[in-house]
Amino acid sequence: MRIILVVLSALLLYSSGAAQSTGVLEGIVRDKNTQAALPGIIITIEGTELGTASDENGGFRLSGIPAETYNIKAQGTGFQPLVIYNIVITSGNVQPLTIELLENKVSLTEVVVKVSPFRKNAETPLSVQSLSAQEIKSNPGGNFDISRVIQAFPGVGGTSGSVGGYRNDLIIRGGAPNENVYYLDGIEVPVINHFATQGSAGGPTGIVNISFIEDVSLYTSAFPARYDNPLSGVLQLKQRKANQDKIQHNLRLSATEIAYTTDGPISNKVSFLASARRSYLQLLFRALQVPIQPSYWDFQYKIDYKISPDLSFYTIGIGAIDNFSFLTPDDQTPENIYILKSNPLINQWNYTNGYGLRKLIKGGYWNLTASRNMLNNSLDKFEDNQNPQETQRILKIRSEEIENKLRFDWNRFYKRWSLSWGVMTQYDEFKNDSYIRLRSELKDVNGNILQPSVVLQGNTALDLWRYGAFAQAATKLFKERLDLSLGLRTDGNSFTDNGNNFSETLSPRLAASLLLIENLKFSTSVARYYKIPTYTVLGFQNAGNYVNRSSKYIQSDHLVAGFEYLPWQSGRFTLEGFYKWYDNYPVSLIDGISLANKGGDFNILGNEPVGSTGKGRSLGVEFQFQQKLTRNIFAIVSYTYYKSEFTNASGSYIPASWDNRHLLSFIGGYKFKRNFELGIKFRYQGGAPYTPFDLQASQLNYLSTGQGVYDNTQFNTARLGSFNSMDIRLDKKWNFKKWSIDLYLDVSNAYGSVQPEYPKYTFARTVDNTAFATTDGQPIKPDGSNAVPLLLTENDAVIIPTVGFILEF
């Protein structure tokens with residue numbers, strides 16, 4: 001903190017007499033459909049007289065630009081003009097832009113062409129949202145984390161009750177966290193969070209470096225047929241190009257982590273981006289005597305090779321190393337003891353490495369990608385995590401997931417038609433050595449068994465092939481007032497009983513969009529999607545047999561319709577309604593709970609016998625207003641009301657664990673003079689359902705399991721209070737001759753709202769917190785019969801201020 005204050009004082013002193021610095025804008029212009037370079041496109045900076053034109057390779061460069069924030073306009077004969085908003089020019093790093101223009105296929109007398117940034121294609125005319133890199137970087141409380149930023153989108157929530165809202169589980173339109181897929185430059189990245197829940201997807205913080213990202217798109221329905229396995233969402237991340245002129249550097253330092261990024265040319269045809277990040281949150285937690293000690297590294301790289309004007313190659317890599325251990329605090333309160341007993345020790349690492357080849361052809365292009373990803377996950381939990389003894393082991397997981405993928409897609413555009421098709425195959429390996437003690441054997445004083453031991457144990461080595469194919473066609477009719485799209489996909493695998501019956505996974509999809517009047521469009525989509533059960537489900541064994549081999553692909557049918565109104569160039573209103581039906585959802589044969597209601601913690605999901613008997617439904621309505629940067633103001637306001645229900649073993653529909661009902665969010669910012677910027681984020685979520693404890697079983701098992709036992713006869717019959725929070729961020733940028741610095745103050749939960757958490761079952765402690773309190777003053781009994789049960793509910797309000805800086809040079 002002292003270092004940052006000294007730096008701030010020096011900057012204020014220096015900047016008072018410094019001349020205004022300038023920066024550079026550069027990039028490339030392409031045809032959005034065919035990806036061909038576009039020469040002769042005029043690039044202008046709104047509010048200035050600066051401008052240039054793209055060269056024969058589509059490239060452009062403007063220098064001597066005063067270091068400020070601008071909107072960039074691109075226009076050329078035969079193409080629809082486009083405005084790119086909120087482009088920050090600094091004297092430090094150059095952020096190359098990729099501008100993609102749509103061909104204007106009707107004359108200006110037939111239709112009014114709008115300079116709108118909210119473009120959609122015929123495949124997905126609704127249920128898609130986008131953010132630029134700068135909108136993500138300036139997000140208050142986001143900690144440069146993409147998963148947290150997109151929770152401002154309509155229909156997107158998080159697991160607010162799990163750990164006070166501080167996880168990245170994406171709950172999209174009432175679906176479970178593992179119903180989403182993630183792509184980075186066309187390469188699927190299964191793990192995008194540190195300390196990821198295996199079999200699900202969430203974790204406390206993301207691993208993607210925002211400094212690499214050019215823009216982000218989130219599909220919440222109407223998924224293009226090229227994507228396999230989504231039921232609720234597709235998150236598509238597009239990385240920027242490297243600086244083509246020189247190697248540049250970016251250093252980010254905050255109270256919890258340090259990150260370094262560098263990019264630049266290797267030769268006139270090859271460029272690179274690379275980064276590394278290290279957390280030191282464990283040092284802060286140790287100083288504050290917080291029991292959990294998370295520590296992580298993450299790494300990312302990209303190399304681009306322009307082989308010829310029509311052929312390009314790239315490779316990407318992303319990975320993380322995570323360690324989750326414990327500190328025995330000086331004050332062993334019930335809250336601290338619960339944390340120590342209920343969470344596992346985690347050692348986890350993962351990576352994704354991918355290669356892509358793109359060839360431009362007449363009127364289109366084809367892509368060939370190959371990738372490999374791996375997750376190595378080790379979990380351990382003991383009755384006493386500080387003094388682990390093998391005889392007191394509760395949990396042991398030694399698991400690996402490996403996927404080797406090959407994908408090809410072909411894309412061609414004919415006047416008003418677009419056609420695409422593709423195939424994919426992948427070879428997967430799953431290993432899991434597991435021991436899970438659900439219940440310990442307990443006896444009374446006479447040696448009579450009060451409760452038998454219940455243990456799940458197995459050693460799995462599974463390998464399988466997966467394969468799929470898709471085709472999609474789209475057209476524009478009636479002078480481009482009507483867009484129609486039809487797609488079909490099917491998938492199979494070599495493991496499940498019906499894995500090669502492609503008729504069972506045929507997933508058709510139809511989308512339409514109609515321009516009713518100028519600026520008002522109606523769109524609708526109906527589709528069927530499939531997802532293969534997780535490896536933890538498929539690989540579970542009992543007595544050497546794969547008991548879940550008969551599992552079916554999970555099915556979800558979507559019906560969506562909505563309106564989009566563009567009142568002015570930089571603003572839009574959307575209103576959408578959705579209905580989702582689920583079938584074949586895995587239901588646990590141990591506790592009778594649908595896996596759709598699990599996955600919001602730090603354990604493992606799906607490592608149990610299941611039956612494909614679950615059903616579900618989610619319906620709701622969404623509203624959004626979005627204002628791109630205009631007159632120094634930008635904002636997103638969204639509200640969603642939805643209802644999500646799934647069946648358990650009983651067959652009755654019960655509120656899902658993610659059934660918050662109400663989601664309200666606001667993100668806004670104002671750009672002041674002299675490179676000051678203020679950002680505000682507000683979130684509100686309705687209370688999440690939860691299951692009360694079976695108090696008798698909880699008292700009997702707490703000492704041997706570290707947590708209470710739920711009364712599943714009352715599954716999700718109780719609800720938490722609502723979740724609300726406001727985050728505030730203030731940035732100040734200084735630009736010097738060849739470098740710049742951004743100093744920021746980020747305050748999470750600024751007004752000190754008490755965040756709801758699921759009740760936690762534990763035992764009361766003695767006054768001096770040295771032992772468990774008992775009713776008879778004697779040492780606590782193994783069956784907890786003389787303990788004093790205690791339910792922990794809401795914690796004190798926590799305000800988290802963070803000061804940091806970003807240095808570019």
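Analyst: Start with a charge on a ring. The charged end of Lys732 sits over the ring of Trp734, 5.3 Å from the ring centre. Lys302 does likewise with Tyr314, its charged end sitting over the ring at 5.9 Å from the centre. To count as sitting over a ring, NZ of Lys or CZ of Arg must be within 6 Å of the ring centre and within 35 degrees of the ring normal.

Some ground rules. This is a predicted model, in which local features need pLDDT of at least 70 and side-chain atom pairs count only at pLDDT 80 or more, while totals for chains, interfaces and linings use all residues. Residues are numbered from 1 along each chain as its sequence is written, and side-chain values use heavy atoms, with hydrogens and water left out.

How far can you trust it? The pLDDT (the predictor's confidence in each residue, from 0 to 100) has a chain mean of 90, and 95% of residues reach 70 or more. Residues 108-113 fall below 50 in pLDDT, yet this stretch has seven contacts in the model beyond near neighbours in sequence. A contact means heavy atoms within 4.5 Å.

Now ring on ring. Rings of Phe, Tyr and Trp (its six-membered ring) pair if their centres lie within 6.5 Å; planes under 30 degrees apart are stacked, over 60 edge-to-face, and the rest tilted. The count by this rule is 34 aromatic pairs. Take Phe313 and Tyr355: their ring centres are 6.4 Å apart and their planes stand at 25°, so this pair is stacked. Phe313 is in strand 21 (residues 311-326) and Tyr355 in strand 22 (residues 345-361), so the pair ties together parts 42 residues apart in sequence. Here helices (H or I, at least four residues) and strands (E, at least two) are DSSP runs, numbered from the N terminus.

Phe313 has 27% relative accessibility and counts as partly exposed. Tyr355 is partly exposed too, at 37%. The scale runs thus: buried is under 20% relative accessible area, exposed is over 50%, and partly exposed lies in between (1.4 Å probe, protein chains only).

Compare Tyr761 and Phe763. Their centres are 6.0 Å apart and the planes are at 70°, so the pair is edge-to-face. Both residues are buried. Tyr761 and Phe763 also belong to one aromatic cluster with Phe693, Tyr702, Tyr710 and Phe772.

Buried residues of helix 7 (residues 695-705) include Tyr702 along with Ala697, Asn701 and Leu703. At the start of this helix, a side-chain oxygen of Asp694 comes to within 3.3 Å of the backbone nitrogen of Gln696. Just after the helix, Gly706 takes a positive phi of about 85°.

Helix 7 leads on to helix 5. Seven of the nine residues of helix 5 (residues 334-342) are buried, so the helix is mostly covered. Among the buried ones are Ile337, Tyr338 and Leu340. The buried residues of helix 5 pack against helix 7, strand 21, strand 23, strand 45 (760-763) and strand 46 (789-792).

Strand 23 (residues 364-382) holds Asn377. Asn377 is buried, with a relative accessible area of 1%. Its side chain makes a polar contact with the side chain of Gln198, at 2.9 Å. A polar contact is a pair of N or O atoms within 3.5 Å; within protein, one must be able to donate a hydrogen and the other to accept it, and residues adjacent in sequence count only if both atoms are side-chain atoms. Leaving aside neighbours within four places in sequence, Asn377 also touches Ile346, Asn347, Ile397 and Arg398, among others.

Most residues other than glycine have a negative phi. Lys479, not a glycine, has a positive phi of about 55°. It lies in the loop between strand 28 (454-477) and strand 29 (482-493). At 48% relative accessibility, Lys479 is partly exposed. Asn675, also not a glycine, has a positive phi of about 60°. Its loop runs between strand 39 (662-671) and strand 40 (676-685). Asn675 is buried, with a relative accessible area of 16%.
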